[in-house]
Amino acid sequence: MLTSDDNSVATFLRAACAAGRPGDRLPSVRQLQQRFHVSPITVQRVVRALVMEGKAVARPGDGTFVTSGVASPTRPVDHSWQTVLLGRSPEVGRGLEHLAIPRAASTLGLDTGFPDPMLQAQHLLATAAARCARRSEAWDRCPPQGLVELRTVFAAELGGPFSPADVLITPGAQAALDSIFRVLARPGDPVVMEDPCYPGAIVASTLAGLVPIPVPTDEHGVLPDALGDVLARSGARMMVVQPRHSNPTGSIMTSERRVSILAIAREFGCFIIEDDWVRDLDLDGPSGPPLIIDDQHGHVITIRSLSKAAAPGLRVAAVIARGPALARLVSARLAADFFTAPLLQTIAAEILPSAVWQRHLVVLRSALRERRDLLVTELAAHAPQLRCTPPRGGVAIWVQLPAGIDEAALASACADRGVGVSVGNTYRLTESPHGYLRLAFGTSEASSLSVAAERIGSALRSLLDQ
Ligand SMILES: Cc1ncc(COP(=O)(O)O)c(C=O)c1O
């Protein structure tokens with residue numbers, strides 16, 4: 001994300017790329033620093049943005065060069081045989097692109113929960129990576145369940161009766177969801193999901209041939225009576241819940257709700273998939289322990305992600321499960337990719353128990369708290385018609401639109417003004433009487449959040465005036 005201070009450098013370099021020929025050398029970091037009186041970090045951020053846009057290529061130690069920008073002319077290729085063979089597209093992954101693909105530097109991206117690179121643990125990771133890469137086990141084969149030293153860290157974090165034998169390492173929480181849907185259910189099975197819920201869970205379950213069934217929620221998560229009814233009617237034996245800082249609503253399950261949900265799972269003989277996606281991001285005090293702590297009988301399978309607190313590229317998550325379910329998930333790992341990259345596992349094992357990681361979390365939480373509060377204040381000033389309840393943790397605010405405002409139209413008006421937002425419908429399995437947007441506050445620097453709120457206000461006014 002570029003700040004307003006970066007604009008002059010960016011404008012200059014974009015013009016140089018447009019005017020230059022492929023292979024032309026762009027001015028060096030030092031030259032740009034002197035010319036625009038900015039820091040090397042600013043220049044590097046702009047260059048990174050241009051590289052991501054495909055306008056320039058950086059060769060470390062050599063310089064930055066203009067890319068061709070024009071696809072090389074090729075003979076037209078006939079792929080129609082593939083269309084005949086593959087049939088209708090399942091549209092797998094549509095709507096999730098913002099989770100994986102870096103966005104254009106010119107957009108204020110409030111549509112992905114990954115904190116901006118300045119808030120990520122990149123420095124910590126790079127230092128640990130340099131050390132870990134010299135260790136033989138970082139490159140060798142590894143048990144499909146994961147390195148025992150990392151599993152020990154995750155088991156110790158849970159405490160109680162949990163041991164490294166209950167932990168499986170996966171390349172991220174998304175991969176864990178994918179394996180669980182494929183291995184612990186059969187194609188055609190219903191799977192109960194909170195409405196609204198994380199779109200990645202909807203997509204992965206659908207890809208596995210499952211049928212997502214919505215269960216209504218309130219500010220404390222799933223409604224127990226409705227859950228009982230849904231399980232009875234659908235015959236589903238798996239549900240996905242986010243007990244803390246749920247994505248997108250930010251709801252937190254109360255202790256009574258937790259007891260009820262566990263009792264229902266026991267009564268129906270169900271798996272509860274607990275997606276603990278922002279374990280480290282309580283912003284206003286503790287939000288309670290993971291649900292699995294209260295489960296004696298192996299109903300709960302917890303997925304513990306690291307990507308929001310560390311960095312999206314640290315593709316390491318833990319699944320805590322017991323019994324045959326765990327054994328099947330370990331086999332699935334073997335079939336999918338043998339094991340999670342041991343280099344990443346050794347890095348995580350080194351960082352997570354360290355004091356510097358704890359310090360990183362303190363700084364990250366404080367920055368997120370500040371940005372959340374700023375966005376809420378700025379929205380109240382520029383778009384007072386929006387209803388936002390500040391979440392007690394996580395990375396985004398779930399914002400209710402005034403009656404009659406179409407969420408897709410508002411998202412499009414925001415996009416016209418250079419602001420990316422997530423449309424409420426992406427998270428829903430049912431119709432809603434109101435439109436919603438999900439606004440992530442960690443992706444943008446504080447100054448950009450004020451600009452974004454102003455533009456969202458302008459987009460909303462343009463629709464209200466119609
Ligand atoms: C609720 C939720 N669960 C799981 C994931 C996937 O996390 P990971 O990056 O660890 O794959 C995300 C990513 O945004 C998420 O929002």
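The structure is a predicted model, in which local features need pLDDT of at least 70, side-chain atom pairs count only at pLDDT 80 or more, and totals for chains, interfaces and linings use all residues. Residues are numbered from 1 along each chain as its sequence is written, and side-chain values use heavy atoms, with hydrogens and water left out.

Helices (H or I, at least four residues) and strands (E, at least two) are DSSP runs numbered from the N terminus, and two strands are taken to pair if DSSP finds at least two bridges between them. An open sheet of eight strands, with mixed pairing, has the order 4-11-10-9-8-5-6-7. Strand 4 (167–170) and strand 7 (221–222) stand at its edges, each with a single partner strand, so one side of each is left without a neighbour in the sheet. Strand 9 (residues 271–276) and strand 10 (residues 300–305) run parallel and are joined by five bridges, with R304 of strand 10 as the bridge partner of D276. Helix 12 (residues 324–337) packs on this sheet, touching strand 4, strand 9, strand 10 and strand 11 (317–320), where contact means heavy atoms within 4.5 Å.

An open sheet of four strands has the order 12-13-16-15, with antiparallel pairing. Strand 12 is joined by two bridges to strand 13 (residues 396–400), in an antiparallel arrangement, and V399 in strand 13 is the bridge partner of C388.

Notes: Axes are lines fitted to C-alpha atoms, for helices over the stretch in contact, and angles run from 0 to 180 degrees between N-to-C directions.
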